[in-house]
Amino acid sequence: MSDLENHLLYLKLPYIRENYESVATTAARKKWTHTHFLSELIKQESGLRRDRMIQRRISMAKFPVIKTMDHFNWSWPKKINRVQIENLFHLKFIEKKSNVIFIGSVGVGKTHIATALGYQACLKTNTVLFTSAIDAVNNLVAAQRAGLLKQELKKYLKPSLLYLDELGYLPIDKIGADLLFQIISQRYEQGSIIITTNRVFQEWPKIFNNDSTLTSALLDRLLHHTEAVVIEGDSYRMREEKNN
């Protein structure tokens, strides 16, 4: 290995180390200036590093499946505000550390849209964590019992965007509600949250063991900087099953 390759290895510049000779050949053939040659190497190295960082963020987000809006069926829901949703993809809500809550019945596309938003956030340098609401609660309960609550909470507080899926599909007891409240209250004006839920806000006490005091406190913090997206319609998955 040459001294140059050793230096490039030390500096962690894999693209330049693997391609400088072929790019130099191209530069000589096309009579590039030294600056042009160097600029091309650095541009490609930068692009490789950017792509790897994006893939790392996507991996750390733990999406169960990657979704985009390319094939979303806008005509299926009976009620959906396309302009509102497309505006969310500018990701201004993350800059403002505000929240988005998708409200609708099962199968209307809430998780699809929210996951696509999370994926777009990863592409634009934001850190993201996907989890179902009940998994987050169960993990925090287990951590609390093991005396590791503070460390586990950090996992949900650190990302730029926390995505809590399917809030309200399963009831949460008082301990779980208190722990979820800690996530939401500590992320207040510090980081964004996306929530998908099948329940309108008036029904949220039913999610949290009919504790109206805790629910009110939670909603007070959550809704202060929140955009609600209401989607109405029948289940798209049920339609596909009927067609089969």
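How many bridges join strand S1 (residues 99-103) to S5? Five bridges join these two strands, which run parallel, and in S5 the bridge partner of Ile103 is Val230. The model is predicted, so that local features need pLDDT of at least 70 and side-chain atom pairs count only at pLDDT 80 or more, whereas totals for chains, interfaces and linings use all residues. Residues are numbered from 1 along each chain as its sequence is written, and side-chain values use heavy atoms, with hydrogens and water left out.

Five strands form an open sheet in the order S2-S3-S4-S1-S5, with parallel pairing; strands are DSSP runs of E with at least two residues, helices runs of H or I with at least four, numbered from the N terminus, and two strands pair if DSSP finds at least two bridges between them. The edge strands, each pairing on one side only, are S2 (128-132) and S5 (226-230).

The aromatic pairs number four, where ring centres of Phe, Tyr and Trp (its six-membered ring) must lie within 6.5 Å, and planes under 30 degrees apart count as stacked, over 60 as edge-to-face and the rest as tilted. Two of these pairs are tabulated here.

| Pair | Centre distance | Plane angle | Class |
|---|---|---|---|
| Phe72 and Trp74 | 5.0 Å | 75° | edge-to-face |
| Phe201 and Trp204 | 5.3 Å | 70° | edge-to-face |

Phe72 is buried (under 20% relative accessible area; exposed is over 50%, partly exposed in between, with a 1.4 Å probe and protein chains only) at 10%, and Trp74 counts as buried at 16% relative accessibility.
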